[in-house]
Every structure is written in structure tokens, then in C-alpha cells.
Amino acid sequence: MTDAFLVPPTSNAALAARDLNVLWHPCTQMHDHETLPMVPVVRGEGVWLVDADGRRYLDAVSSWWTNLFGHSHPRIAHAVKAQLDTLEHVIFAGFTHEPAIELAEELVRITPPGLERVFLADNGSAAIEVALKMSFHYWLNRGHGEKTRFIALTGSYHGETLGALSVSDVALYRKTYAPLLLTPELAPSPDAYEGEPGETAADTARRRLLDMRVLLERHAHETCAVIVEPLVQCAGGMRMYDATYLTGLRALCNEFDVHLIADEIAVGFGRTGTMFACEQAGISPDFMCLSKGLTGGFLPLSAVVTTQDVYQAFYAEYASGKAFLHSHSYTGNPLACRAAVATLSLFRDEPVLERNRQLAAHMATRIAPLRDHPNVADVRQTGMIAAVELVADKRTRRPFAAEERRGLRVYRHGLENGALLRPLGNIVYFMPPYVITEAEIDFMVETAVAGIDVAVR
Ligand SMILES: Cc1ncc(COP(=O)(O)O)c(C=O)c1O
């Protein structure tokens with residue numbers, strides 16, 4: 001126990017003790033904190049987080065992939081502050097406001113062609129719930145009540161509310177709650193890491209499209225939609241795949257009359273090198289789910305952008321009972337919408353994607369030597385996401401036993417040395433804010449490399 005008389009009340013130790021007394025954190029076995037420090041953050045500046053003792057941590061994971069332009073970005077902060085003085089929140093049924101309208105106009109402008117209607121919610125999982133329900137309800141309104149199921153990819157992650165978790169396939173999150181969930185059909189992921197020897201990523205994608213075709217031949221009649229994370233399956237281990245898959249999948253969904261839901265919650269807004277990952281395949285989904293970077297990491301908000309065809313299937317006299325029914329109290333919160341409008345204005349006013357290409361190239365150079373590391377089976381990158389696969393045996397790619405928690409050792413090493421790295425199991429990854437400098441990339445990668453050396457020992 002810490003001595004309350006010796007510990008300053010705003011120190012790491014004091015705040016951590018109070019936290020552990022009353023709070024329960026997400027994605028955490030709280031028992032770990034008997035040995036793992038809880039980090040009380042008091043300030044964020046650019047890519048840096050500052051704790052109560054004044055120690056700094058480079059946020060290599062953009063605070064759960066939400067932050068785009070650094071912490072406390074002055075332009076986004078100013079927009080939120082100005083909004084605070086005029087309207088903090090208003091019911092979004094029957095009432096509207098300029099921040100939401102401006103945001104929707106801008107989303108329609110920048111998302112792929114054909115996406116013209118914006119439905120707002122307040123977090124990523126909620127956006128997935130909306131897309132799943134909307135797809136089901138579309139088919140119902142069109143006289144196809146027999147379509148009640150979904151197809152998802154192995155290794156997918158779409159959130160942790162029951163619907164979103166249902167279409168997710170990461171055992172860590174799903175297994176325990178499986179008895180409560182819908183049962184989607186799972187199509188094998190086009191993940192290039194799981195490719196056959198000698199196959200290119202595009203070959204793997206084409207082979208996996210054949211699997212998808214077989215599933216659709218069997219299940220399209222009862223299927224509302226196929227849901228995917230375009231290009232990178234993030235929480236499933238930053239598994240990356242070729243854009244060919246998305247192009248082929250769009251064609252299959254058209255052929256078999258099922259919707260395509262693109263979950264760009266993690267990969268949208270420039271992460272993969274283009275504004276939206278779907279652009280690299282030249283496709284428009286029927287639903288695009290957005291969140292995380294949408295507000296630059298400032299406030300919770302999400303959006304489902306869909307087509308006029310979908311919208312029109314619900315547009316009818318009240319008595320027809322076709323209205324879409326889904327509401328959250330904080331839908332369209334003006335503060336969050338203002339943060340989003342300010343975030344999107346930064347993409348208009350600054351050469352963000354061009355700068356990201358340079359940063360991504362620098363990151364690629366710095367992580368390349370890890371390919372020769374005896375415990376690294378794969379180093380992969382898509383734009384501003386890079387990942388390193390740690391294994392026990394490089395030749396056979398045998399993974400480390402999960403219970404050894406090697407990734408956690410990298411995390412600990414990072415904390416001790418000024419970087420917030422938060423591996424996914426034994427996959428160490430980098431997903432930093434776009435304002436990172438080349439020198440900061442060097443520091444981030446060097447810290448991770450040293451952490452990996454400690455972790456595999
Ligand atoms: C691809 C994807 N979809 C959905 C979600 C869920 O978003 P949220 O955590 O805001 O519920 C996440 C979160 O990591 C995600 O990565």
C-alpha cells in the first residue's frame with residue numbers, strides 16, 4: 001500500500017490507487033494491475049501523452065486508433081470549444097443542427113460514389129448494429145423477410161455489442177459470449193500471411209473469392225449482407241490482404257443480390273494510404289461504417305453512409321411501418337459533429353495523404369531490418385499501419401504459446417522507455433497519429449525492437 005501522507009495527491013501513484021479502487025477498465029484483466037502500472041494521463045500533446053509524474057509516452061497506437069492529427073489539436077479543440085458556447089446537445093429526432101448537416105454533406109462528398117445518405121450513431125459498434133439492422137430491414141421492406149443472416153470473414157472484428165460481436169471472429173472476444181450470439185457464415189479471410197507457399201497476395205485473394213462464391217451459392221437466398229474490414233483486419237492481428245479481394249467481392253455481392261458492408265471504422269480517413277480503403281479497389285459498398293478517426297480522436301461519434309436505394313426502401317407513409325428503428329440518445333451530438341467537421345477540414349487544407357506516404361515510406365525503411373530477426377515471421381504494412389508477427393519458430397511460423405504473453409512484455413518495455421505500444425497478442429504494430437515526425441518514428445521503432453528483444457528472450 002502507498003502511504004497517503006507521502007504521495008502527492010496528483011502523482012501517478014495516488015491517481016492509480018484511486019482508480020484501482022473504483023474503476024473497471026475495458027479489455028483488461030484487472031488483476032494484471034497488481035504488477036502492471038496503471039498510467040494516469042494528464043495531458044496530450046501531438047503524438048505524446050504525459051502522465052501525472054511528467055513522464056512522456058509516444059502514442060504509437062493513436063489511442064485505440066482514434067487519433068489522426070495528434071492529441072489536443074488546436075483547430076479541433078477550438079471548434080469544440082466554440083460549439084460548447086452555443087449548443088452542447090439536442091434531441092436528433094425532429095430537430096437538427098448545422099454541425100450534423102455540414103458533416104453529412106462532407107461525408108457524402110468524400111465517400112465513394114453512390115453513398116449519399118448519412119445515419120449517425122455514437123460509437124463504432126453502434127454503427128455496425130445500425131448497418132446490420134438496416135440491411136436486414138431493407139430486405140424485409142423489399143419483401144425478402146427470408147434474408148436474416150450475414151456472412152463475415154474469419155479473423156474479423158467489428159465491435160463487442162452483441163450484434164457486432166456476432167459478426168466478429170476473434171476468439172478472445174467472442175468465445176465466452178458465443179451462446180448469446182447470432183451465427184453468421186464465416187468465409188476464409190484473404191489474409192496474405194495465410195497464403196499458400198509461392199502465392200502472391202493477389203493469388204490468395206482470388207482463391208478466397210472462390211470460397212466466398214461457394215458460400216454465396218449456398219446461402220445468398222438467406223443472406224442480408226457480407227461484412228468486411230477493407231484491406232486490414234485490425235483487431236484480428238493487423239492481417240492484410242490484396243485489394244483484388246474487395247473488387248471481386250463487390251462483383252459477387254451484385255451477382256448474388258446481397259449487400260456489402262464495409263467497416264472502415266479503423267481503416268478509414270487515410271490510414272491505408274487513401275482516404276478510404278475501398279478506394280484502392282475502386283468499389284462503393286452499400287454501407288460504409290465510420291467512427292474512430294471521424295472526430296480526430298476527440299469525441300465518440302459514428303456514421304453509416306449508405307445509398308439512395310437503401311434510403312428509398314424505408315421512405316413511405318407512416319402507416320406502412322417501414323421506418324428504420326434505431327436510436328441512441330446522443331445521436332448526432334453537436335460537439336462531436338463539430339470535432340468531425342474540423343477534422344475533415346484538415347484533410348481539405350493540408351496535404352495529409354501525401355505526407356502520410358512519406359511517413360509510411362520512412363516507417364517501412366525502419367521496420368525492414370526486423371525481417372531478419374530470428375523471432376519475426378512477417379513484417380507487413382498498409383499505409384500508416386505496420387505490423388510485426390512474433391513467433392517461437394521462424395521456419396515453421398510456430399507461434400509463441402499465448403499464455404507466455406510475449407506481447408505484454410513488449411508493452412511493459414514500451415512503458416518503461418516512453419512509448420505506448422500495445423501488441424495484439426504476439427503481433428507488435430504501429431498505428432501512430434499522422435503528425436508523427438521521422439525522428440519520432442525512429443524512436444518508436446527502436447523502442448519496439450528493443451522490446452521485442454526483451455520479449456523473445
Ligand atoms: C474494424 C472495427 N470495427 C468496429 C469497431 C468497434 O468500434 P468501437 O470500439 O467504437 O465500438 C472497431 C474497434 O476497434 C474496429 O476496429
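UniProt positions are given here in this structure's own numbering, with feature names shortened, and the annotations may be inferred rather than shown by experiment. Residues count from 1 along each chain as its sequence is written. The model is predicted, with local features needing pLDDT of at least 70, side-chain atom pairs counting only at pLDDT 80 or more, and totals for chains, interfaces and linings using all residues.

**Exercise 1.** Find which residues the "binding site" annotation covers, and how far they spread.

*Solution.* Start with the unreviewed UniProt entry: its annotation covers Trp-64, Tyr-157, Lys-292, Ser-327 and Arg-422. They span 359 residues of sequence and are spread in space too, up to 33.1 Å between C-alpha atoms.

**Exercise 2.** Work out whether Tyr-157 is buried or exposed.

*Solution.* First, the rule: buried means 20 or more other C-beta atoms (placed from the backbone) within 10 Å of a residue's own, exposed means 12 or fewer, and partly exposed is in between. Next, count: Tyr-157 has 26 within 10 Å, so Tyr-157 is buried. Now try Trp-64: with 16 other C-beta atoms within 10 Å, Trp-64 is partly exposed.

**Exercise 3.** Work out how β3 pairs with β2 and with β15.

*Solution.* Strands here are DSSP runs (E, at least two residues), numbered from the N terminus, and two strands pair if DSSP finds at least two bridges between them. Take β2 (residues 48–51) first: β2 and β3 (residues 56–59) pair antiparallel over 3 bridges, with Leu-49 opposite Tyr-57. Then take β15 (residues 419–420): β15 runs parallel to β3, joined by 2 bridges, and Leu-58 stands opposite Ala-419.

Key:
Helices (H or I, at least four residues) and strands (E, at least two) are DSSP runs, numbered from the N terminus.
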